[in-house]
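Let's take a walk through a protein chain together. Have the sequence and the 3D view open, and follow along.

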Amino acid sequence: MTKAEKIAFTIDTLQELYPEIPVPLDHKDPYTLLIAVLMSAQSTDVRVNKITPLLFAKADNPYDMVKLSVDEIREIIKPVGLSPMKAKGIHGLSKILIDKHNGEVPQNLPDLEELPAVGHKTASVVISQAFGIPAFPVDTHIHRLLYRWGFTNGKNVVQTEKDAKRLFPKEIWNDLHLQIIWYGREYSPARGWDLEKDIITKTIGRKTVLNDYYKNKKTR
């Protein structure tokens, strides 16, 4: 298969499996999405989705959020982990949104990345999922899968994002990054991986990845 054929096969397979693509984090607007994505760092979407309703019941906009103290926020979000840093970030960014952006979430990467506790990946998720602006946020699933599929050398997420943007058409980035996340969770996880169920890797996977898989299987 040529690189172009592999890309077409990947896009078609993902489209077939995930014609409707749910957004993993529950939210109702750009602000609640921003907070949910920030909270999901080194946590799971399932855990975040259990905690955000408790936080948003008290404050689901920056004006109400700044009325809470950092300690109050931290107490609510403790179960998601890294709560001191995240609580400080949530409070700080809410204040900046009020002071600099009329309480609105900005629709561009530079302004979003200036907010405390908001990195490039978080900002990319927000502009793609809240505003429909093409972006390709790379999480651990995407990083792992694009390496397994031979679409990137997997050195780091910055390189993986560059490669993904170069290989895939811009108009499908927003859907595709979500489809890859769902596929990674369902068919191509880091642990407990069953290649027989992972049709994309089995069909186009990097030779070294496939060889390692079969070698490890034999020694088990």
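What follows goes from the whole chain down to single residues.

**Ground rules**

This is a predicted model, where local features need a pLDDT of at least 70, side-chain atom pairs count only at pLDDT 80 or more, and totals for chains, interfaces and linings use all residues. Residues are numbered from 1 along each chain as its sequence is written, and side-chain values use heavy atoms, with hydrogens and water left out.

**The whole chain**

How many helices and strands are there in the chain? There are 13 helices and zero strands. (Helices are DSSP runs of H or I with at least four residues, strands are runs of E with at least two, and they are numbered from the N terminus.) Reading from the N terminus, the elements go α-α-α-α-α-α-α-α-α-α-α-α-α. The chain's radius of gyration is 19 Å, close to the 17 Å that the globule rule gives for 220 residues, so the chain is as compact as a globular protein of that length. (That radius is taken over C-alpha atoms, and the globule rule is 2.2 Å times the number of residues to the power 0.38.)

Along its principal axes, the C-alpha trace spans about 55 × 40 × 30 Å. Of the 220 residues, 45% count as buried. (Buried means under 20% relative accessible area, exposed means over 50%, and partly exposed is in between, using a 1.4 Å probe and protein chains only.) Now look at contacts, meaning heavy atoms within 4.5 Å. Among contacts with a separation of 6 or more, residues 24 or more positions apart account for 58%.

**The annotated stretch**

An unreviewed UniProt entry places the feature "domain: HhH-GPD" at residues 39-186. (UniProt positions are given in the numbering used here, feature names are shortened, and annotations may be inferred rather than shown by experiment.) That span is 64% helix and 0% strand, and its end C-alpha atoms lie 23 Å apart.

**Two helices crossing**

Next, find helix H2 (residues 30-39) and helix H8 (residues 120-129): their axes come within 10 Å and cross at roughly 145°. (Axes are lines fitted to C-alpha atoms, for helices over the stretch in contact, and angles run from 0 to 180 degrees between N-to-C directions.) The crossing of H2 and H8 is right-handed. (A crossing is left-handed if the near helix is turned anticlockwise from the far one by less than a right angle, and right-handed if clockwise.)

Which residues meet there? From H2 come Leu 33, Leu 34, Val 37 and Leu 38, and they meet Thr 122, Val 125, Val 126 and Gln 129 from H8. The residues of this contact divide into six nonpolar, two polar and no charged. (Ala, Val, Leu, Ile, Met, Phe, Trp, Tyr, Cys and Pro count as nonpolar, Asp, Glu, Lys and Arg as charged, and the others, Gly among them, as polar.)

**Residues to click on**

Start with Leu 34, which sits in helix H2. Is Leu 34 buried or exposed? Leu 34 counts as buried because its relative accessibility is 0%. Leaving out residues up to four places away in sequence, Leu 34 touches Leu 93, Leu 97, Val 105, Leu 115, Val 118, Thr 122 and Val 126.

Over in helix H13 (residues 207-219) you'll find Tyr 213, which is buried, with a relative accessible area of 5%. Apart from neighbours within four places in sequence, Tyr 213 is in contact with Trp 193, Asp 194 and Leu 195.

Pro 189 lies in the loop between helix H11 (173-186) and helix H12 (199-204). At 18% relative accessibility, Pro 189 counts as buried. With residues up to four places away set aside, Pro 189 touches Arg 144, Arg 148 and Gly 184.

Glu 113 belongs to helix H7 (residues 109-113) and counts as partly exposed, at 33% relative accessibility.

Here are some residue pairs to check in the 3D view.

| Pair | Apart in sequence | C-alpha to C-alpha |
|---|---|---|
| Leu 34 and Val 118 | 84 residues | 8.6 Å |
| Glu 113 and Ala 123 | 10 residues | 6.1 Å |
| Tyr 213 and Leu 195 | 18 residues | 8.0 Å |
| Pro 189 and Arg 148 | 41 residues | 11 Å |

**Two loop residues**

Gln 42 isn't a glycine, yet it has a positive phi of about 50°. Gln 42 is in the loop between H2 and helix H3 (45-58), and it is exposed, with a relative accessible area of 74%. Leu 82 isn't a glycine either, and has a positive phi of about 50°. Leu 82 is in the loop between helix H5 (70-77) and helix H6 (83-101), and counts as partly exposed at 38% relative accessibility.
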